[in-house]
Amino acid sequence: MKIRLLGILITVAALVGACSKDEDTPYVPVVNPYASGAFIANEGTFGQDNASVSFYSYAGDSLEQDIFSRANGRPLGELLQSIHLSAGKAYLVLNMSDTVVVVNANDFKQTGLITGLSSPRYITTYNGKGYITQWGGGGTVQVADLATGAITHTIKTGMGPEMALTLNNQVLVCNGGAYDVDSTVTVIDPVENKVVSTIEVGHNPKEMVADMQGNVWVLCYGYIKYDGSFNIILETPSKLVKLSGNPLQVTGSYIIAEKQHPQHIDISKDKSTVFYGGGFGFNGIYAMDIHATATPATPLIDGAKSFYGFNVNPQTGDIFAFDAVDFTSAGKMFRYTSDGVLVKEYATGVAPNGAWFR
């Protein structure tokens with residue numbers, strides 16, 4: 001009987017001690033769990049609603065998967081083309097779902113939805129308005145009121161508009177040609193919502209960045225034409241084209257390759273080095289000083305590896321590169337230093353295509 005009583009007293013003491021410890025260190029919920037890190041866009045599989053967003057934590061050096069579904073209790077949608085961060089919001093552009101899903105960037109809970117789109121690709125923002133590039137309508141930018149999500153204007157661009165960039169109170173749009181060919185960058189006045197100029201660059205411009213001197217570097221994919229049996233009958237080189245001045249005009253054109261076609265571009269932390277690479281059949285990531293007179297002959301990162309996309313962390317200079325693997329299973333992210341040294345490999349969602357940093 002004394003042994004049983006002693007056991008009960010020990011148990012009670014342990015419970016009291018545990019309660020006392022809990023009271024001394026109360027549970028504090030995580031506030032703004034996504035305030036510091038990078039959002040990874042996982043495109044997903046064509047024909048399936050399995051697009052997702054992963055979050056890379058600087059503090060934890062780790063990836064949290066599928067944060068939209070965890071925050072909202074539903075799938076995100078089909079084919080996440082890109083993400084744009086602005087004023088505490090994240091704008092998730094879903095190419096095959098024909099929508100832009102708007103979330104609070106701190107907790108990833110949905111706050112809005114932009115509909116009435118046709119094959120949207122990218123979004124940029126200016127003074128409470130969203131400028132959404134879309135292939136539908138023969139190539140247009142849809143202007144959305146970000147407070148209501150309503151489409152207020154349609155602006156005609158070139159064919160297959162891709163990345164849009166807000167710079168110096170203008171919106172620049174790369175006209176990537178869709179399944180054909182275009183060679184222009186459209187310049188839009190976002191106050192009047194009208195085209196003010198069209199700049200001839202190289203065949204099928206895809207993305208662009210601004211450097212430390214205010215120059216804009218445009219990555220031009222080049223043009224490949226096939227016959228009915230998918231044999232190449234015409235192929236033009238890929239290029240980097242530099243735009244300078246006010247108004248912008250071409251001040252430099254640099255051939256990358258005659259028969260290799262990168263799709264992505266980014267800029268170093270100090271905006272003095274342009275990086276390009278990524279895309280089907282283009283191996284490695286290259287680095288070009290903005291004062292160079294020719295593109296580099298050798299890659300900075302692994303000339304034997306073809307990345308689906310990449311981006312540069314503007315805070316650390318690290319390069320995040322992505323492997324879509326087979327577009328049905330988990331993809332991979334590789335983190336490199338700015339010198340091209342591999343630091344670590346991570347698992348992602350299906351078909352990761354880029355990173356957006358906070």
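pLDDT is the predictor's confidence in each residue, on a scale from 0 to 100. The exercises below concern a predicted model.

**Exercise 1.** Find the mean pLDDT of the chain and the stretch where pLDDT is below 50.

Solution. Step 1: the chain has a mean pLDDT of 92. Step 2: a pLDDT of 70 or more is reached by 92% of the residues. Step 3: the stretch below 50 is residues 1-23. Beyond near neighbours in sequence, this stretch has 0 contacts in the model. Step 4: where pLDDT is low, the predicted coordinates should not be read in detail.

**Exercise 2.** Describe the open sheet of 4 strands, from its strand order to its edges.

Solution. Step 1: the order of the strands is 8-9-10-11, and the pairing is antiparallel. Step 2: strand 8 (120-126) and strand 11 (151-156) are the edge strands, since each pairs on one side only. Step 3: from one strand to the next, the twist averages 25°. Step 4: within the sheet, strand 9 (residues 129-134) and strand 10 (residues 140-145) are joined by 6 bridges.

**Exercise 3.** Locate Ala150 and decide whether Ala150 is buried, partly exposed or exposed.

Solution. Step 1: Ala150 lies in the loop between strand 10 and strand 11. Step 2: its relative accessibility is 36%. Buried means under 20% and exposed means over 50%, so Ala150 counts as partly exposed. Step 3: leaving out residues up to four places away in sequence, Ala150 touches Val143, Ala144 and Asp145. Step 4: Ile114 is 36 residues from Ala150 in sequence, with a C-alpha to C-alpha distance of 6.8 Å.

**Exercise 4.** Work out the surroundings of Ser244: is this residue buried or exposed, and which side chains does its own side chain meet in polar contacts?

Solution. Step 1: Ser244 belongs to strand 20 (residues 238-244). Step 2: Ser244 counts as buried because its relative accessibility is 13%, and the cut-off is under 20%. Step 3: the side chain of Ser244 makes a polar contact of 2.6 Å with that of Asn215 and another of 2.8 Å with that of Thr251. Step 4: apart from neighbours within four places in sequence, Ser244 is in contact with Asn215, Gln249 and Thr251.

**Exercise 5.** Identify residues that touch the most other members of the largest nonpolar core, and name elements that supply this core.

Solution. Step 1: the core has 20 residues, and those touching the most other members include Phe39, Val53 and Phe108. Step 2: among the elements that each supply at least two residues are strand 1 (37-42) and helix 2 (67-72). Step 3: a second, separate core has 16 residues, including Leu172 and Met208.

How values were computed. Residues are numbered from 1 along each chain as its sequence is written. This is a predicted model: local features need pLDDT of at least 70, side-chain atom pairs count only at pLDDT 80 or more; totals for chains, interfaces and linings use all residues. Side-chain values use heavy atoms; hydrogens and water are left out. Two strands pair if DSSP finds at least two bridges between them. Axes are lines fitted to C-alpha atoms, for helices over the stretch in contact, and angles run from 0 to 180 degrees between N-to-C directions. Buried means under 20% relative accessible area, exposed over 50%, partly exposed in between (1.4 Å probe, protein chains only). A polar contact is a pair of N or O atoms within 3.5 Å; within protein, one must be able to donate a hydrogen and the other to accept it, and residues adjacent in sequence count only if both atoms are side-chain atoms. Contact means heavy atoms within 4.5 Å. A nonpolar core is a set of buried Ala, Val, Leu, Ile, Met, Phe, Trp, Tyr and Cys residues joined through side-chain atoms within 4.5 Å.
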